[in-house]
Amino acid sequence: MSQWKQIQQLEIRLLEHVDYLYDDNFPMDIRQGLASWLEAQDWDTAANDESMAATLFSSLLSQLERVRSQEQNFLQRHNMKIIHQQLQMKYASNPAVMARVISTCLREERRILSSACMQEQGPLEKSLQNSVALERQKNMDNRVGLIRGSVQLMDQAVKYIEDMQDDFDFRYKTLQSRESSDRNSEMMKQEVTRLQEILNRLDFKRKEILSKMDIVVKEIDDLVSSQLNPELQDWKRRQQIAAIGGPLLTGLDQLQGWFTVTAQSLFQIKRQLDKLGELVVKVTYESDPIPQQKPQLEERVKYLIYHLIKSSFVVEKQPCMPTHPQKPLIIKTGVQFTTKVRLLVKLPEVDYQLKVKTTFDKDLPPGRVRQFFILTNNTKVMDIEDYSNGCLSVEFRHLQLKEKKYINGTKGTEGLLSVTEELHSLSFEACFTVQGLTIDLETCSLPLVVISNVSQLPGGWASVMWYNLLTDEPKNLAFFGNPPRASWSQLSEVLSWQFSTFAGRGLNKEQLSMLGEKLFGQHASCTDFQVSWSKFSKENIPGKPFSFWMWLDSILELIKKHLLPVWNEDYIMGFVSKEMERTLLKDRDSGTFLLRFSESHLGGITFTWVERGDNGDVKFNSVEPYTKNRLSALPFADIIRDYKVISDGVVPENPLKFLYPDIPKDEAFGRLYNSQPSKVHPYIPSTLIPISELRSNSVTTPTSCQSPEPPMTPGEFDMLSEQLCFDIDTMSSPYSE
């Protein structure tokens, strides 16, 4: 079943989250009309490959035109034509942006589908999606709107004062131009009285506007400190969670709207104060409130503008290698990586030749030996993005790191940390002038892990997950000097995200419970049980030569490259122990089997089936785990279909009948079978057949089956069968699960 069809079967609550994904950047009409084609493309790679993105963009337009030409409904055809034009306007000059939008939407759909499989959301996801946050945002919209309205009313008030002052100035100069003999006339006295009334009124209005300005400036100050800055910090925290596989990061455009309106309001107040200053030059008097109050108000407005714009300089896209788009914040030396910064204040007065400079490891902890520098051009000019509502941003697409030569061969104080525990940072700096204010901008990426070999990637990703799960500090580079513990409720949620991100479907409650048992044994049921960084990533599992995370990461890689169809059908039980699998199978029909990941092999999957003798005795047979080498030769569904066992010279047969609990094998895997007989040449088609030799054993002993490497053709199978009939008792098969 396609991903889009699964989405349409979700309950209303989850469909509302899906609805939030689609807007003018990627209309739902396209998702509906091109569902199968969209899901068949590699948007993750295209998002970081301009050439591939351009090809896919052209193909998408062609696909859209094809669907439009087949559409019978006139209105729908018209809508598709409009969408076609909008896409060309938005993405023709930068198709990689479109690829990123689509990649993000498809990924979030998978996460929503994954959450639907779980009985309840995890604590992190609950904290990011709640009604309180929505109410907070509505309140923010209202406050920003009220401030903008108040500032616009103050504009009218300043204009009224200016008109009143012009009237006073005209009357006053007219009075002065009169003959001195006329100044004692009754008419002159009335005019002086009128001038005094206007001046009194002017004084009242000046005091009134300054009082209103003071109130609005205080309101803006409170808005920024109590709501806008917390909203920005909340977005940054959600960016951390999204980086490690959490819910889709949204809200930056909304933040930009709040920042922009607030900044525009402050600039408008600054212009109003400048205008009042001009009015004082023309007309002033004793106890004039403007010279007394304007300087203090002006300083407060400048202060708010400076810090508002300074805080609006954010890293929109954290550093990421295009080769690993779903594992940001890991950089390999010599490999290009991309990153993007954005100014959330959209102002026409900004100098658009705004240069941004990147610096690596600007502030390293003392004693750090490994140091790096940016090999490529590290300065670019910010530009306006038409597709993001005109914000100023700059994307660095071709940055590379190179390690500095050691000054001496001694290790620093951080020599106890592994390469993947050393954290680094990428800083961004810029400076510009707007309306007479010089503003220095500075921001930095989240902590980065720098590796020199892809074999360090799993360890690096473990560090990235641990850091961003447990702290919201933007730059704690000494974090792994004393890393905090994680509760199982936190960690299990993040682990499920890894499966939904990399394998298309997250873990259900039972699978997470099995993983918990793997880590803690009997403590797994306690959601508040604490796990240390060392136990998660560094210490070997008892009796095994690898850590818990290395074992789990190898399973993720196996699923992603070889088991996706079977995994997404929910046919792999996964993390069940050998003891539990026998408990599950013992009362089932002969030939019932289940699929689980190997506990003793990195990146291995095995199946165990139950076999009942005529006397009622039960045997459990486990095949030697299939790893990437075997699965590269034959799809796993085909292995299950064609699997044969040779036992005591008996005619080989497939012992796998029912997928646990009782699904007929062909019913479960039939649509996943890969049957492609050759029609290109006249040769008799051949089939690879996985075979196990089953040694005679006591019924009380668990039996192991060893699969030849690689699977055999029918001819090889016949030859081996004949040989095994004579030598079966002399052959052995080492037990391995």
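Mentor: Let's start with the second largest cavity: α18 gives the largest share of its lining, five residues.

Trainee: Which residues line the second largest cavity, and what makes a residue part of a lining?

Mentor: The lining is K327, W461, Q498, F502, W549, D553, L556, E557 and K560. A cavity is a set of points, on a 1 Å grid over the protein atoms alone, where a 1.4 Å probe fits but cannot get out, and lining residues have an atom within 4 Å of a point. Both α15 (488-502) and α18 (548-568) supply at least two of the lining residues; helices are DSSP runs (H or I, at least four residues), as strands are (E, at least two), numbered from the N terminus. This is a predicted model, where local features need pLDDT of at least 70 and side-chain atom pairs pLDDT 80 or more, while totals for chains, interfaces and linings use all residues. Residues are numbered from 1 along each chain, and side-chain values use heavy atoms, without hydrogens and water.

Trainee: Why is S425 called buried?

Mentor: Buried means under 20% relative accessible area (exposed is over 50%, partly exposed in between; 1.4 Å probe, protein chains only). S425 has 0% relative accessibility, so S425 counts as buried. You will find S425 in the loop between β10 (423-424) and β11 (426-434).

Trainee: What makes strand β3 largely enclosed?

Mentor: Seven of the seven residues of β3 (residues 337-343) are buried, so the rest of the structure largely encloses this strand. F337, T339, V341 and L343 point one way, T338, K340 and R342 the other, and all are buried.

Trainee: How do you know which strands pair with β3?

Mentor: Two strands pair if DSSP finds at least two bridges between them. β1 (residues 313-320) is joined to β3 by five bridges, running antiparallel, with C320 opposite T338. β8 (residues 391-399) and β3 share six bridges, also in the antiparallel sense; there, R342 has S393 as its bridge partner.

Trainee: How many aromatic pairs are there?

Mentor: The structure holds 29. In one of them, W567 and F597 lie 6.2 Å centre to centre with 40 degrees between the planes.

Trainee: Why is that pair called tilted?

Mentor: Rings of Phe, Tyr and Trp (its six-membered ring) pair if their centres lie within 6.5 Å; planes under 30 degrees apart are stacked, over 60 edge-to-face, and the rest tilted. The values for W567 and F597 therefore give a tilted pair. The two are 30 residues apart, W567 in helix α18 and F597 in strand β16 (residues 592-597), and both are buried. F607 and W609, at 6.3 Å and 40 degrees, are therefore tilted too.

Note on methods:
1 Å grid on protein atoms, 1.4 Å probe; cavity = no way out; pocket = protein on both sides within 12 Å on 5 of 7 lines; lining within 4 Å.
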